2 protein chains.
Amino acid sequence: MPVNLSAPIASKLLAVPGVELAVAQAGIRKANRHDLLLLWLAPGSSVAGVFTRNRFCAAPVTVCREHLRNGSGIRALVVNTGNANAGTGALGLANARATCASLALQLGIGAEQVLPFSTGVIMEQLPMERLLKGLPDVAASRGSANWLDAATAIMTTDTLPKAASRVVSIGGESVTLTGIAKGAGMIRPNMATMLGFIATDARVSQHVLDALLGRATDASFNAITVDGDTSTNDSFVAIATGQSRAPAITGINTPDGKLFARALTDLSIELAQAIVRDGEGATKFITVRVEGGATVEECRKVAYAIGHSPLVKTAFFASDPNLGRILAAVGYAGIDDLDQAGIDLYLDDVLVAKNGGRDADYREEDGQRVMRQAEITVRVLLNRGAASTTLWTCDFSQEYVSINAAYRS
Amino acid sequence: MPVNLSAPIASKLLAVPGVELAVAQAGIRKANRHDLLLLWLAPGSSVAGVFTRNRFCAAPVTVCREHLRNGSGIRALVVNTGNANAGTGALGLANARATCASLALQLGIGAEQVLPFSTGVIMEQLPMERLLKGLPDVAASRGSANWLDAATAIMTTDTLPKAASRVVSIGGESVTLTGIAKGAGMIRPNMATMLGFIATDARVSQHVLDALLGRATDASFNAITVDGDTSTNDSFVAIATGQSRAPAITGINTPDGKLFARALTDLSIELAQAIVRDGEGATKFITVRVEGGATVEECRKVAYAIGHSPLVKTAFFASDPNLGRILAAVGYAGIDDLDQAGIDLYLDDVLVAKNGGRDADYREEDGQRVMRQAEITVRVLLNRGAASTTLWTCDFSQEYVSINAAYRS
């Protein structure tokens, strides 16, 4: 059951001038579902992408990196679900290239102008015959799907599609941003998460878009975890078609740049949080806030130690204020010179531990009250510096195990 | 259900001359169970200990370190279950010291000659009144309990007591080693695990015992994980009473030293593996073997990434050869210059992936056959050096969540 998340409403997702969508059924893993998505971009669109740092990155990630480096003008993004094309060796790479080549032929563009994305089971080869048969369908029907169709077509273990829009006024003209994302398990993005796409009609140069995307990623997809498993296919892509009449965004620190960056980051955070809210088996949405660290890096170590601890996550699931488990996770997070006597711990507004020990005024019923909520903030004060970080995660239920024990069946 | 583990038989656990045992019921958390253990040592015993690297170490760990540094001759070890005395601040430290002082009074020794150990719930103060009332019982009844009683008294979520013995011949005289351990969850030892004790009547100097213990720990308790949560109370202690008539062990590399070291390490491994076999909710015992690494450190990174991945562990639980999840874990283990094209993966004798992709001859039914076993070896060949490592872990079931969602109730 997703935590305070509902399906997006089609009419509230704004079309982005310069982006045409299409979906199709290729039967890659399951019949009778859309498992192919095409994003067809206007000429001159800027496209920026960040990808998984997993050394076992999927074949399409390798191809995306090549094609983005090429700089010959991306015109199409194609996404398949049901198969991740990861751990597939040289044949997997050839299949990703063949997908681009075949689609490019349909669209009358070069293969290097296509970015391929895959998500699904790992270490199985793509069913190329079925996939290639589906490509003419999406190529022919471009423009026929909306963003909700797109968000739905890329789902795997997601229980709900994830999509949102923003409008921001740049130089008196409105600019639209619409994004979609998918992912529920194997979520511990390191650069980006399992497939997120944001498109805008703003005019943004490649260089500026790269910088904006990096900043938005750090504040959103790089600040969530479900199970600590960094995916082989994490990809987050921003597209700027430049079709808006608003003036071009020429830098990240100009007034317009800041306005646009805020909208982009805000949208990225909403999508990233949606992934956590729909985390496999999740019943709680947990914000982990670590403050007073010497560096952001050490704050992140502490936040991830808490966010990944099966013991902490099962305590949240049980609504059990067994909060010593959080202190234990702080202790093993890897800060070698951490002084436990400096640590304070809050659960929402409740002071649980002061100076490394249970606070004298802490009452179990106060902890219990907060633990019963569907949304909880854990706040750890390290009291050794001015750095801080925020991580969003979920709890850990029997349902997570059931989902992942049955994933392929 | 523990994996291929049965309760030790009392008559097969050998008494260690120079060690007298006692257990008592102090009602620390639950009534009608032994929750206090005393090990009473002959004068002149060498005692070596390794402890958690968790910066939130428990109060008794701090006191143990102090008393061992003191070097005034340890004569008694006292263990309570039901409460870890961790995350308890200054009061917790005072309580650990009071425990030592009170017991020392009963035994006619100095407080600094007592090592205290605690295990159980974190961030609650010890019930000192009940604890102090129990101490005269164990002090008065020393010599009345056997090693099986001792192993049983220190259990928490363990389903079976863990104990074993070895006999080794040194200079024609037999030397006995008997050890006990406890732990099932919060198991990712970093130095040692949640309470392990090995006693021997061998004559071993403090210096040599320290070295032997370090070596045995690395090969045993530092090579297991259940859930990745490094405990606040991990303690592993070796005691050498010197009561055997065998010649003293004067170094770790002498013939006798090697013989003894082998027995000590072997016993440590049996106890460490027993903890994994009895891991919370475990249904499978998994050996992760990583070979061909550039350094042992990078092999350990890969082994732990596999051993901690909830996705890998749930696939083992389901007997589902969804083995791409193992490759994904290898990829995010943190070896920055890892070349996926160099990786081979075996499941027992079955070659699953070759050169980073699914092996052409791999058949799903072969993987399925191995996955159905109760004991499985995952072998990853990095093919970039000569270093290797072994890690023992277990799978991840709904039962783990249930146990830890209900731990305090």
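In chain B of this predicted model, 5 strands make up an open sheet of mixed pairing, ordered β3-β10-β8-β7-β6. Strands are DSSP runs of E with at least two residues, helices are DSSP runs of H or I with at least four residues, and both are numbered from the N terminus. Two strands count as paired if DSSP finds at least two bridges between them. The edges are held by β3 (46-51) and β6 (162-170) of chain B, each with a single partner strand, so one side of each has no neighbour in the sheet. Direction ignored, neighbouring strands of this sheet are turned by 15° against each other on average.

Within this sheet, β7 (residues 173-181) and β8 (residues 196-200) of chain B run antiparallel and are joined by 5 bridges. Ile180(B) faces Phe197(B), which stands opposite in β8(B). Helix α6 (residues 255-277) of chain B packs on the sheet and touches β6, β7 and β8 of chain B, its direction making about 170° with that of β6(B). Helix α5 (residues 206-219) of chain B lies across β3 and β10 (235-240) of chain B and runs at about 35° to β3(B). Contact here requires C-beta atoms, placed from the backbone, within 7 Å. Axes are lines fitted to C-alpha atoms, for helices over the stretch in contact, and angles run from 0 to 180 degrees between N-to-C directions.

A further sheet is described in chain A. It is open, has 7 strands in the order β9-β16-β11-β15-β12-β13-β14 (chain A), and is mixed in its pairing. Its edge strands, β9 (224-225) and β14 of chain A, each pair on one side only. Helix α6 (residues 255-277) of chain A packs on this sheet, where it touches β9, β11 and β16 (387-394) of chain A; the direction of α6 makes about 45° with that of β16(A).

| Strand pair | Sense | Bridges |
|---|---|---|
| β7(B) and β8(B) | antiparallel | 5 bridges |
| β11(A) and β15(A) | parallel | 7 bridges |
| β9(B) and β16(B) | parallel | 2 bridges |
| β11(B) and β16(B) | antiparallel | 7 bridges |

Individual residues locate these pairings. Arg289(A) has Arg379(A) in β15(A) as its bridge partner. In chain B, Arg289(B) stands opposite Thr390(B) in β16(B), and Ile224(B) has Trp392(B) of β16(B) as its bridge partner.

The two chains meet through 57 residues of chain A and 57 residues of chain B. On the side of chain A that touches chain B, at least two residues each come from α2 (89-107), α8 (310-317), α9 (324-331), β14 (357-358) and α11 (398-405) of chain A. The most is given by α9(A), with 6 residues. By class, this side of chain A holds 26 nonpolar, 24 polar and 7 charged residues. Ala, Val, Leu, Ile, Met, Phe, Trp, Tyr, Cys and Pro count as nonpolar, Asp, Glu, Lys and Arg as charged, and the others, Gly among them, as polar.

Helix α11(A) packs against helix α11 (residues 398-405) of chain B at an angle of about 175°, the axes being 8 Å apart. The two helices are therefore roughly antiparallel to each other, a term for angles over 145 degrees. Gln398(A), Val401(A) and Ser402(A) of α11(A) make this contact with Gln398(B), Val401(B) and Ser402(B) of α11(B). The contact has 2 nonpolar, 4 polar and no charged residues.

The same surface serves both copies, since 100% of the contact residues of chain A recur in chain B.

The average pLDDT of chain A is 91, and 98% of the residues score at least 70; pLDDT is the predictor's confidence in each residue, from 0 to 100. The model has an ipTM of 0.81 and a pTM of 0.85.

Residues are numbered from 1 along each chain as its sequence is written, while chains are lettered from A and ligands numbered from 1 in the order in which they are written. In this predicted model, local features need pLDDT of at least 70 and side-chain atom pairs count only at pLDDT 80 or more, whereas totals for chains, interfaces and linings use all residues.

Key. Angles under 35 degrees count as roughly parallel, over 145 as roughly antiparallel, 65 to 115 as roughly perpendicular and the rest as oblique.
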